[in-house]
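I opened this notebook to record what I looked up in one model, entry by entry.

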Amino acid sequence: MKKHKIGLIGTGMRAMFLVNEILKRDDLEIVAVSDINQESMDMLCSRYDKYWDQYLDYKELLKREDIEGVIILSPDYAHEEQAIAAFDAGKHVYLEKPIAVTIEGGKRVIQKRDESGKTLLIGFVLRYNKLFAKMKEIVETGVIGELKTGWVLHSVGAGSDWYFHDWHGTMANTGGLLLQKGSHDFDIINWVADSKVKRLAAFGSRDFFGGDKPNDLVCQECEERNTCTEGIRESHIQWKRPDGKSTGVHYNCWRNQCAFREEIDVLDNHQVLLEYENGVKVCYVECHYTPDDNREYIFIGTKGKLKLDDAKDKLTIEIRNSMYDRKEEIVYSNLQSSEGHGGGDKNILDDFVYALNTGKQPNAGGEAGFEAIQVGLLAHKAIKEGEIIRL
Ligand SMILES: NC(=O)c1ccc[n+]([C@@H]2O[C@H](COP(=O)([O-])OP(=O)(O)OC[C@H]3O[C@@H](n4cnc5c(N)ncnc54)[C@H](O)[C@@H]3O)[C@@H](O)[C@H]2O)c1
């Protein structure tokens, strides 16, 4: 088995999750990491007792000829530039979502991929999670008849934990949370609908986060810290390494800005209506202040209805056999593993290795990445302009 040498660009929270999976494999070897923050690189390396080469400038990492592929785990606004530079340097790329924060940026990344002849994998881990893959298979094989409509509720109960205490809170950094978070779901909806969006309408608002607190206020220095519902109180979280050892992670170095600060301009509540070229219509709701943290999907076809509940790890299919027999029920459960993203992190790395071995484009490729951001960006435009958008 070939061991592919890879480099990581961005050594924050996502890197920590993925490195845990990479270190379990015999076919990938991290040889170098890059981050603009030395402390971040030191923490990642020391957490795993590794002495990978470190670069403050990712372009130096890209110059290394022994590196075949890179995994880009930096903030969203850096993705386009770094993916293009990686293709220019002749590397295969696993790029975290979103592919870019503008439509033109997404097109430029795909164009560079094509010019370089290299592969591009987008971090759509849900495609690689068995629960979501089963949903796709059920629809594709016609179990619920011809797909007609659907409804998706994404309750981002960990909203402030992940999106409002750091760089994720501004439109300039992310293109909006419908890209940053919603692109996962738009990709799954596009994939299951098996068509392209023709028209969309959207509503949205910021109902809970943001406000008039100073931009430089951090939880540790705030006098409301112990009463604030969003206050970060823990300074460390425990993290289990692949070798079973537990390691403390200095959590707050990344996410400790006030969730009610002035600069926050992303929305925390969105409703998007999608109409596809093949006639399928789907409603997507994404809310960041729910008490629960879950994805619920419903797809309805001419023969039946499918429900996916991510938190319960359960798929239910009801079949409409006749006027008198409308509820034959089929249930699938426990499809996800306890590993990162329900097993999605391991499986997406399998596809990265497939791309490295064969030079063929992976399942979640650049086009999927582009179509997902296109929906997110146009939905934000529809919210702003109050118009229905035709693609
Ligand atoms: N696929 C998934 O399910 C999933 C889950 C979480 C995050 N992500 C993606 O991973 C990316 C990183 O998210 P995160 O939660 O780890 O963020 P983070 O803030 O925890 O880490 C980002 C790291 O990148 C570094 N960085 C900033 N600018 C850089 C640059 N120009 N070059 C190199 N490094 C730079 C920061 O210093 C930090 O160490 C985001 O794009 C996010 O969308 C994907």
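**Entry 1: ligand shell.** How many nonpolar, polar and charged residues does the shell around the ligand have? I found nine nonpolar, 12 polar and six charged residues. For these classes, Ala, Val, Leu, Ile, Met, Phe, Trp, Tyr, Cys and Pro count as nonpolar, Asp, Glu, Lys and Arg as charged, and the others, Gly among them, as polar.

I note the basis of the work here: this is a predicted model, in which local features need pLDDT of at least 70, side-chain atom pairs count only at pLDDT 80 or more, and totals for chains, interfaces and linings use all residues. Residues are numbered from 1 along each chain as its sequence is written, and side-chain values use heavy atoms, with hydrogens and water left out.

In total, 27 residues surround the ligand, a residue being near a molecule if one of its heavy atoms lies within 4 Å of it. The closest are Arg14, Asp35, Ser40, Asp76 and Trp167.

Entry 2: A polar backbone atom of Met13 is 2.9 Å from an oxygen atom of the ligand. For Ser74, a backbone N or O atom lies 3.2 Å from a ligand oxygen. Arg255 uses its side chain instead, with a polar atom 3.0 Å from an oxygen atom of the ligand. I then checked cover: the ligand taken alone exposes 850 Å², and the protein buries 90% of that (Shrake-Rupley method, 1.4 Å probe; for residues, only the protein chains shown count as cover). Helix H1 (13-22) and helix H4 (79-88) are the elements that give two or more residues to the shell.

**Entry 3: overall fold.** I counted 12 helices and 17 strands in the protein; these are DSSP runs numbered from the N terminus, helices being H or I with at least four residues and strands E with at least two. The radius of gyration is 21 Å, which agrees with the value near 21 Å for a compact globule of 391 residues (taken over C-alpha atoms; the rule is 2.2 Å times the number of residues to the power 0.38). The C-alpha trace spans about 65 × 55 × 40 Å along its principal axes. Buried residues make up 58% of the 391, where buried means under 20% relative accessible area, exposed over 50%, and partly exposed in between (1.4 Å probe, protein chains only).

**Entry 4: helix H2.** In H2 (residues 38-47) I list Ser40, Met41, Met43, Leu44, Cys45 and Arg47 as buried. Asn37 caps the N-terminal end, with a side-chain oxygen 2.9 Å from the backbone nitrogen of Glu39. After H2 comes Asp49, whose phi is positive, near 55°.

Entry 5: Is His92 buried or exposed? His92, in strand E5 (residues 92-95), is buried at 10% relative accessibility. Its side chain makes a polar contact of 2.7 Å with that of Thr119. Ile6 belongs to strand E1 (residues 4-9) and is buried at 0% relative accessibility. The C-alpha atoms of Ile6 and Ile71 are separated by 7.5 Å, although these residues are 65 apart along the chain.

Technical notes. Polar contact = N/O pair within 3.5 Å; in protein donor to acceptor, adjacent residues only side chain to side chain.
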